[in-house]
Amino acid sequence: MAIKIKKILVPLDGSKNSIRGLDMAIHIARQSHGTITALTVKSVPGIYAIHPLGFLDFSSLTEVKKFLNEAKVRAAKKGIQLTGKALAGDPGFDIARFANNKKNKIDLVVIGARGRGSAKEIFLGSVSNYVLHKSKKPVLIVK
Amino acid sequence: MNTNSNSFKKILVPLDGSKYSEKALQRACEVLNAFDSKIILLYVVEKSLPINFLDRKVYLEMVRKFGHKTLEKANNVLLKKGITAKIFLKEGNIVKEIGKVIKKEKCDLIIVGNRGLGSVTRFLLGSVSNNLAQSSSCSLLIIK
């Protein structure tokens, strides 16, 4: 198998579409014997992102942990290793930054076509559109 | 997870002769090997551009020739790897024609380069790939 996708980034927001993205990523990871990095970005209004206390929002952190765990279980069922990661900030920006960071060695970004903030854009979610434009790595949009 | 619905049975690779589309083709080969799927190559002769500087017929003839050449080249690349491809040459609006082929052939995945020869309406992403991302009904892999 010539496919060289070792590390797949899957941004999750708990929506149905992101779960579909995860399923696709698991499928690809099985083919290429890769690992998955799940990234959840909790959207924080500008000023809190700078303020250290902005990260200490415990009530939503438990929610984040919950669906990262769900993702882990889902991947483990198929025998794929999944590492979860949670950040606070602007979703689009932080996902793109995470993907472009050389330290993370991401080979592919798999993203659902629409997540939570869908009402405004009818066809493609705004976050996926942002990531699509800004990431320097290949992007797979799952519809 | 239903594996059948997730595997890529048919992959569409729209070509335009640019080095980005060649890159997309390379990546398509990798995916092909992994998923054991069929590939469809497509070249669309853009007809909707208003062209006045040359005789329209002559211009279209030139583009058609270029299209055949591009497809042949791509096919040769695939043949060397032992892959047989379906080849289409369509005329009309690029995005619309791609959409039609997807519907007709029931493709599961489109692989495009992030920029082609098309005019750059968006600075970072080519206009065609952007349009596809917005409007296509199947999954899309954008090679950077």
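**Helix α4 of chain A.** I started with how enclosed α4(A) is: seven of its 10 residues are buried, so the rest of the structure largely encloses this helix. Buried here means 20 or more other C-beta atoms within 10 Å of the residue's own, exposed means 12 or fewer, and partly exposed is in between, with C-beta atoms placed from the backbone. Helices (H or I, at least four residues) and strands (E, at least two) are DSSP runs, numbered from the N terminus.

This is a predicted model, so local features need pLDDT of at least 70 and side-chain atom pairs count only at pLDDT 80 or more, while totals for chains, interfaces and linings use all residues. Residues are numbered from 1 along each chain as its sequence is written, and chains are lettered from A and ligands numbered from 1 in the order in which they are written.

**Who is buried.** I listed A:Pro91, A:Gly92, A:Asp94, A:Ile95, A:Ala96, A:Phe98 and A:Ala99 as the buried residues of α4(A). They pack against β1 (7-12), β2 (35-43), β3 (82-89), β4 (108-112) and α5 of chain A. Contact means that two C-beta atoms, placed from the backbone, lie within 7 Å.

**A:Asp94.** Why does A:Asp94 count as buried? Because A:Asp94 has 21 C-beta neighbours inside 10 Å. Leaving out residues up to four places away in sequence, I found A:Asp94 touching A:Val41, A:Leu87 and A:Gly89. I also checked A:Val131, which is 37 residues from A:Asp94 in sequence and 9.1 Å from it in space, C-alpha to C-alpha.

**α4 against α5.** I then looked at α5 (residues 126-134), which packs with α4(A) at about 35 degrees, the axes 9 Å apart. Axes are lines fitted to C-alpha atoms, for helices over the stretch in contact, and angles run from 0 to 180 degrees between N-to-C directions. On the α4(A) side I noted A:Pro91, A:Gly92, A:Ile95 and A:Ala96, which meet A:Val127, A:Tyr130, A:Val131 and A:Lys134 of α5(A). These residues divide into six nonpolar, one polar and one charged; Ala, Val, Leu, Ile, Met, Phe, Trp, Tyr, Cys and Pro count as nonpolar, Asp, Glu, Lys and Arg as charged, and the others, Gly among them, as polar.

**Chain A overall.** I get five helices and five strands for chain A, in the order β-α-β-α-α-β-α-β-α-β. Of its 143 residues, 44% count as buried.

**Confidence.** The predictor gives the complex an ipTM of 0.76 and a pTM of 0.79. For chain B I noted a mean pLDDT (the predictor's confidence in each residue, from 0 to 100) of 79, with 82% of residues at 70 or more.
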